[in-house]
Amino acid sequence: MENFSFYAPTYFDFGKGTEKNVGKLVRRFGGTKVLLHYGGGSIKKSGLYDRVIDALKEEGIPFVELGGVKPNPRSGLVYEGIELARKENVDFVLAVGGGSVIDSSKAIAAGVEYEGDFLDFYKGRAEINSALPVGVILTIAAAGSEGSTNSVITDEKTQTKKGAGSDLLRPVFSIMNPELTFTLDPYQTAAGATDIMIHVCERYFSNTVECGITDRLCEAVLKTMVYETPRVIQKPDNYDARANIMWAGMVAHNNICGVGREQDWASHHIEHELSALYDVTHGAGLAVIAPAWMKYVVAIRPERFIPFATEVWEVPFDSINPMETALAGIGKFEAFLKSIGMPSTFSEIGAKKEDIPYMVDKIFSKKEFEGHYVELGREDVTSIYNMVADI
Ligand code: NZQ
Ligand code: ZN
């Protein structure tokens, strides 16, 4: 295990009805005027918006609001949010929604405190040294942004999707009521589940040895997702299944499963080009890319695919031909993704084979290799894209 520091101070308020505590939590974490940030309308349809407003009013907390965050959040609305927050002297950003709303909120929170262009953080040109506090009411289990240090934004000018990270971006509180996720359709539910699983895989496929504690945590999250995801797709209001998935989404990405080990992240970076270019749902893009990454990489470095198969997918170990075990695990994962309605090819997500060179150029614009478990060059990434574009 490698040395690490881990600072994850988010306060979690988990369970039924917890959104009613939002006013008190804003106050507890120092907010006196709130920017309420949300997406395209699901919170109004569900009645959550009204409950949040009531809770803020009850606590006497003034707010201004900015809705309209789109999945794969864009830079344009972030600029708008920064301007509004400054004009209104806001000192707290409240995100009500999923990863896109939370990431847009984090970008605003950091951008307000920065004199330059907030995209500098996402282009690796500046570090985040200060940010307004962000509070969250989560409505979809997926990105894990409710506990993570990250924010991913699409620069509308260049159609480039990039992440920024800082401990200052961890939400000060996250309200997680599994009931709020009952209204998710099966596609969003499954895409979220896929994202959660790949957040774990990016950490599990590591060259760092002797990380038994994080290996076991990763396996527990993956097994939980394998068990619970079909249950919520079958019965969207299964509270306990939704609750397990919601907490799994947080555990998968606040890095408690990743400390002390080298992490991979190739699948995410390869996918981000798809969601930037075609506005694909991130988890659906991962469902296409991650199995292809696995099939490509297993031939080069099969080691970690053995426990992935035996511990997560309960494949019996074939000591005479361990590669068979490794491949069987990947096969089970693919079958699982298919069973929950996820795509597996470019054509299903509207991606085009002729754009592959463009996407590869973008991935390698500033680096020679992608990923760590196996370092991939331009030709490798091109092959991975082609594996799913050719079908
Ligand atoms: O906009 P509304 O109307 O709210 O609809 C949303 C959106 O259309 C809908 N939705 C959310 N909660 C709902 C609901 N519909 C009905 N009932 C509910 N309770 O779901 C759609 C997707 O929402 P979004 O926020 O985009 O989903 P997700 O949480 O998957 O976030 C995806 C974004 O997070 C980024 C992704 O790249 C993508 O941009 N990521 C962020 C990470 C981070 N900050 O740590 C890590 C991840 O790897 C990921 O890259
Ligand atoms: Zn993700």
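Modeller: A polar contact is a pair of N or O atoms within 3.5 Å; within protein, one must be able to donate a hydrogen and the other to accept it, and residues adjacent in sequence count only if both atoms are side-chain atoms. This is a predicted model, in which local features need pLDDT of at least 70 and side-chain atom pairs pLDDT 80 or more, while totals for chains, interfaces and linings use all residues. Residues are numbered from 1 along each chain as written, chains are lettered from A and ligands numbered from 1 in written order, and side-chain values use heavy atoms, without hydrogens and water.

Biologist: How far from a nitrogen atom of ligand 1 does a polar side-chain atom of Thr 183 lie?

Modeller: Ser 145 also has a side-chain N or O atom facing a nitrogen atom of ligand 1, at 3.2 Å. For Thr 183, the distance from its polar side-chain atom to a nitrogen atom of the ligand is 2.8 Å.

Biologist: Which residues come nearest to ligand 1?

Modeller: Ser 100 places a polar side-chain atom 2.5 Å from an oxygen atom of ligand 1. Of the 32 residues around the ligand (a heavy atom within 4 Å), those that come nearest are Gly 40, Ser 42, Ser 100, Asp 103 and His 199.

Biologist: How are H11 and H13 oriented to each other?

Modeller: Helices are DSSP runs of H or I with at least four residues, numbered from the N terminus, and axes are lines fitted to C-alpha atoms over the stretch in contact, with angles from 0 to 180 degrees between N-to-C directions. The axes of H11 (residues 282-298) and H13 (residues 322-339) come within 11 Å and cross at roughly 175°. Angles under 35 degrees count as roughly parallel, over 145 as roughly antiparallel, 65 to 115 as roughly perpendicular and the rest as oblique. The two helices are therefore roughly antiparallel.

Biologist: Which residues of H16 make the contact with H10?

Modeller: The axes of H10 (residues 266-278) and H16 (residues 378-389) come within 11 Å and cross at roughly 60°, and the helices are therefore oblique. In this contact (heavy atoms within 4.5 Å), H10 supplies Ile 270, Glu 273 and Leu 274, and H16 supplies Val 381, Ile 384 and Tyr 385.

Biologist: Which residues of H15 make the contact with H10?

Modeller: The axes of H10 and H15 (residues 356-363) come within 10 Å and cross at roughly 120°, which makes H10 oblique to H15. From H10 come His 269, Ile 270, Glu 273, Leu 274, Leu 277 and Tyr 278, and from H15 come Tyr 358, Met 359, Lys 362 and Ile 363.
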